[in-house]
Amino acid sequence: METALVLCIPEAEELVSSWRLRHDPSALAGMPAHITLVYPFKPYEEIDAAVEADLARLFAQGHALDITFHHTRRFPRVLWLAPERPEPIAAIVRALGLVFPGHLPYGGAFPDTVPHLTVADLSRGQASDLDAIEREFLAEARRRLPLAARVETATLMYKSDGGGWHEAKRFTLGGQTAAA
C-alpha cells in the first residue's frame, strides 16, 4: 500500500475542500488539505517500529510551524496556495531525504520540492480550465486570505487497497509520537 508523509492543514479545509473535491483526485480518495513532505514514502508493509522510531526522532528535532498562505501559485496543471515562508517545510523535506534517501518526494522527479497546498490538480484534465478555476477560487478566497495555520504534527497516511487515504500515525513536531 502507498504511503505519504504530510503536514495536515485543517484550518484550510473550509477554504479549499469544495475546490479539492471537484478538482483533486486525492481529496476524493480521502486525503485532507495538506502540504506533502514525501510521496510516495515506503510501502506500508515496510513501516515497522524502527522506521516509526526514525520518524519520531526526526520530527522531534523540529518545532511547531506557523504557516500563512497569502497567494495562489501554479504549476502547469496545478493551482496551489503558497506558504509565506516555505523554508522551514523544505528543511523537513531535506532532513527526511537524508534519513530515507531512497524515498525522495515525488520519486525524485523534481530537483527542488516546492512546499504547497493543492487547490486543484488537473494532471488528468484540461490545463486550460485552470485559468477559470483560479479566477473563481480567488473571487471566493480573497475575503479569507491570508489563512493562518499552526502545524504541530506530521502525519503518515496510507492508501488502502480500496483506494482511500487513511491516517496511520501522527508525529509531534518537537516531541513524542501523537495518538493517531
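Analyst: Happy to! Arg74 has a relative accessibility of 34%, so Arg74 counts as partly exposed. Keep in mind that this is a predicted model.

User: Why is 34% called partly exposed?

Analyst: Buried means under 20% and exposed means over 50%, with partly exposed in between. Arg74, at 34%, falls in that middle class.

User: What makes Glu134 buried?

Analyst: The relative accessibility of Glu134 is 15%. The cut-off for buried is under 20%, so Glu134 gets that label.

User: How do you know that Arg74 and Glu134 form a salt bridge?

Analyst: A side-chain nitrogen of Arg must be within 4 Å of a carboxyl oxygen of Glu. For Arg74 and Glu134 the N to O distance is 2.8 Å, which meets that rule. Arg74 sits in strand β3 and Glu134 in helix α5, so this pair ties together parts 60 residues apart in sequence.

User: What makes β3 and β6 a pair of strands?

Analyst: Pairing needs at least two bridges. Strand β3 (residues 65-75) and strand β6 (residues 147-151) have 5 bridges and run antiparallel, so they pass. Strand β3 is also joined to strand β4 (residues 78-83) by 6 bridges, again antiparallel. A hairpin of 2 residues connects β3 to β4.

User: Why can Glu46 belong to a negative surface patch?

Analyst: Glu counts as negative, and a patch member needs over 30% relative accessible area and no salt bridge. Glu46 has 44% relative accessibility, which clears the area cut-off. Glu45, Asp48 and Asp161 form the patch together with Glu46. You will find Glu46 in the loop between β2 (34-38) and α3 (49-60).

User: Which peptide bond in that loop is cis, and what is its omega?

Analyst: The bond joining Tyr39 and Pro40 is cis, with omega about -10 degrees. Pro40 lies in the loop between β2 and α3.

Methods. Residues are numbered from 1 along each chain as its sequence is written. This is a predicted model: local features need pLDDT of at least 70, side-chain atom pairs count only at pLDDT 80 or more; totals for chains, interfaces and linings use all residues. Side-chain values use heavy atoms; hydrogens and water are left out. Patches are made of residues with over 30% relative accessible area and no salt bridge: like charges are joined within 9 Å, nonpolar side chains (Val, Leu, Ile, Met, Phe, Trp, Tyr) within 5 Å. Accessible areas come from the Shrake-Rupley method with a 1.4 Å probe; for residues, only the protein chains shown count as cover. The place of a charge is taken as NZ of Lys, CZ of Arg, CG of Asp or CD of Glu. Helices (H or I, at least four residues) and strands (E, at least two) are DSSP runs, numbered from the N terminus. Buried means under 20% relative accessible area, exposed over 50%, partly exposed in between (1.4 Å probe, protein chains only).
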